[in-house]
Amino acid sequence: MLEEAWTLNGSVALRPETFGALAYDFTTRRLSFLKDPALVDVVRQLRNHPNIAETLDAVGISDGERPRFRAALERLADQHLIVRRNTQ
Amino acid sequence: MTAVAERRAPTRLVDHFEYGLDAPICLTWELTYACNLACVHCLSSSGRRDPRELSTDECKALIDEFERMQIFYVNIGGGEPTVRPDFWELLDYAVEHHVGVKFSTNGFRITKERAERLAATDYVDVQVSLDGATPEVNDPIRGAGTYDAAIRAMDNLRDAGMKDFKLSVVCTRENISQLDEFKKIADDHGAQLRLTRLRPAGRGADVWQDLHPLPHQQRELYDWLVANGEKVLTGDSFFHLSAFGDALPGLNLCGAGRVVCLVDPVGDVYACPFAIHENFLAGSIRDEGFQHVWREAELFKSLREPQTGGACSSCSAYDSCRGGCMAAKFFTGMPLDGPDPECVKGNAEFVTVGDRPAPSQDHSHKGTVRNAPVPVKIGRRPPTTMCDESPVNPGDFVVG
């Protein structure tokens with residue numbers, strides 16, 4: 001997953017809050033909570049970088065934090081809040 | 001002892017919710033007090049249109065403000081929202097401005113054509129109200145012919161291909177025994193069942209003593225909710241029941257003024273949909289705009305302060321039930337820092353109950369209503385003369 005290109009799902013909107021952000025999927029009507037402002041940065045930046053690893057570099061996520069971020073991104077992928085980006 | 005506990009830095013998500021968010025998560029907008037029905041337990045005492053109702057342009061400006069605040073969706077109710085001539089225009093306007101809508105309806109106006117249009121529109125969800133799984137249980141509460149109308153609306157929505165719309169049930173003494181039947185009706189229509197708590201607000205205060213579930217029924221409801229899990233929605237209605245054991249799915253928190261609020265048909269903003277009373281009025285969108293009321297109203301600021309449990313502080317269940325529902329306490333004349341009137345530990349029995357507060361408004365019908373509640377033993381006001389009763393018996397509501 002780390003080497004792939006991902007992006008925020010087009011049907012999902014993010015609303016900043018002090019704890020991170022609310023994420024709402026207008027298609028599934030599901031509301032989720034991103035409980036870390038750095039995770040919100042990562043999710044917003046995914047589209048600007050060739051893959052997740054480079055996004056984590058750009059946002060400044062340390063090596064020790066990466067397993068936690070990877071697990072969070074996998075959960076977001078399971079919920080289709082983030083989706084694979086077509087780079088062709 | 002002070003009324004406000006020390007404020008800790010928020011660490012858990014629920015702490016952030018207690019201290020309030022920049023914009024509500026769950027905003028209910030009662031679009032009109034007008035209703036074709038006269039349900040005995042109506043939270044908003046609806047019936048007659050208020051002449052000061054927000055105009056179409058005012059409604060659109062409010063939707064613009066919701067969009068600016070990123071309020072992703074609103075729950076539209078009433079009254080019966082579809083009786084506003086501009087309802088469908090406002091629905092389209094909200095969707096065009098990225099404000100999703102879930103609206104509550106009694107179903108009378110959900111024709112085949114409307115159902116097809118709704119099914120074709122993303123961002124719109126429909127909630128059909130039904131308070132009995134049989135006409136015999138439903139119609140005394142909601143009115144003659146209302147069972148058939150709700151089922152017909154759900155048939156139309158299913159046939160149009162609408163998926164996962166909501167069947168919304170207020171749980172009463174009369175229908176707790178029908179939970180499996182409600183689930184079947186929802187399943188048969190490809191709908192999701194949503195159960196909510198009867199509140200003693202509006203006309204609900206008049207029927208509360210007769211209709212609120214008995215203690216053994218509360219246990220039955222809790223066990224049923226635990227068994228059915230997240231498949232059944234509750235709008236976080238039943239957190240007072242968490243004192244029975246494990247917490248139910250949801251935030252288990254009174255969201256009033258923190259993550260929840262109500263905008264009424266004349267633009268007044270209240271702390272929650274169950275508290276349409278001047279004591280819970282935060283301000284008006286007409287005076288200050290919605291965002292200013294949400295962020296700056298003194299009432300909302302006080303609700304976002306940590307609350308103490310008062311008489312409940314020493315109870316072993318306080319951490320799970322948090323003293324229950326503020327509105328249920330207020331409208332039954334109980335102190336706000338004491339137990340819920342339906343406290344499952346039975347502590348409400350030891351509370352000195354004051355006078356019920358006088359309603360601060362009432363839009364109930366004054367004349368004859370075509371689909372009046374079937375007069376059996378439950379009735380808000382027994383008819384004083386035969387003329388008060390309709391002479392005909394025609395055939396004719398993570399988060400959620």
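This is a predicted model: local features need pLDDT of at least 70, side-chain atom pairs count only at pLDDT 80 or more; totals for chains, interfaces and linings use all residues.
Reader: Which residues of α2(A) make the contact with α1(A)?
Author: The crossing of these two helices, α1(A) and α2(A), is right-handed. On the side of α1(A), the contact is made by A:A38, A:D41, A:V42 and A:Q45, and on the side of α2(A) by A:T55, A:L56 and A:V59.

Reader: How are α2(B) and α3(B) oriented to each other, roughly parallel or roughly antiparallel?
Author: Helix α2 of chain B, residues 56–68, packs with α3(B) at an angle of about 20°, and their axes are 10 Å apart. Because angles under 35 degrees count in this way, α2(B) and α3(B) are roughly parallel.

Reader: How many nonpolar residues are there in the contact of α2(B) with α3(B)?
Author: In this contact, B:T56, B:C59, B:K60, B:I63 and B:D64 of α2(B) meet B:E89, B:L90, B:Y93 and B:A94 of α3(B). When the residues of the contact are divided by class, 3 are charged, 1 is polar and the nonpolar ones number 5.

Reader: Is the peptide bond from B:G78 to B:G79 cis or trans?
Author: B:G79 is found in the loop that runs between β2 (73–78) and α3 (87–96) of chain B. For the peptide bond that leads from B:G78 to B:G79, omega is near 20°, and the bond is cis.

Reader: What is the value of phi at A:R29?
Author: A:R29 is found in chain A, in the loop between β3 (20–25) and β4 (30–34). Its phi is positive, in a residue other than glycine, with a value near 60°.

Reader: What is the volume of the largest cavity?
Author: The lining of the largest cavity has 15 residues, and B:C312, B:C321, B:P339, B:C343 and B:N347 are the ones nearest its centre. By class, this lining has 9 nonpolar, 3 polar and 3 charged residues. The volume of the largest cavity is about 110 Å³.

Note on methods:
Residues are numbered from 1 along each chain as its sequence is written. Chains are lettered from A and ligands numbered from 1 in the order in which they are written. Side-chain values use heavy atoms; hydrogens and water are left out. On a 1 Å grid over the protein atoms alone, a cavity is a set of points where a 1.4 Å probe fits but cannot get out, and a pocket is an open set with protein on both sides within 12 Å along at least five of seven lines; lining residues have an atom within 4 Å of a point. Grid points are joined across faces, edges and corners, and a volume is the space filled by probe spheres set on the points. Ala, Val, Leu, Ile, Met, Phe, Trp, Tyr, Cys and Pro count as nonpolar, Asp, Glu, Lys and Arg as charged, and the others, Gly among them, as polar. A crossing is left-handed if the near helix is turned anticlockwise from the far one by less than a right angle, and right-handed if clockwise. Helices (H or I, at least four residues) and strands (E, at least two) are DSSP runs, numbered from the N terminus. Contact means heavy atoms within 4.5 Å. Axes are lines fitted to C-alpha atoms, for helices over the stretch in contact, and angles run from 0 to 180 degrees between N-to-C directions. Angles under 35 degrees count as roughly parallel, over 145 as roughly antiparallel, 65 to 115 as roughly perpendicular and the rest as oblique.
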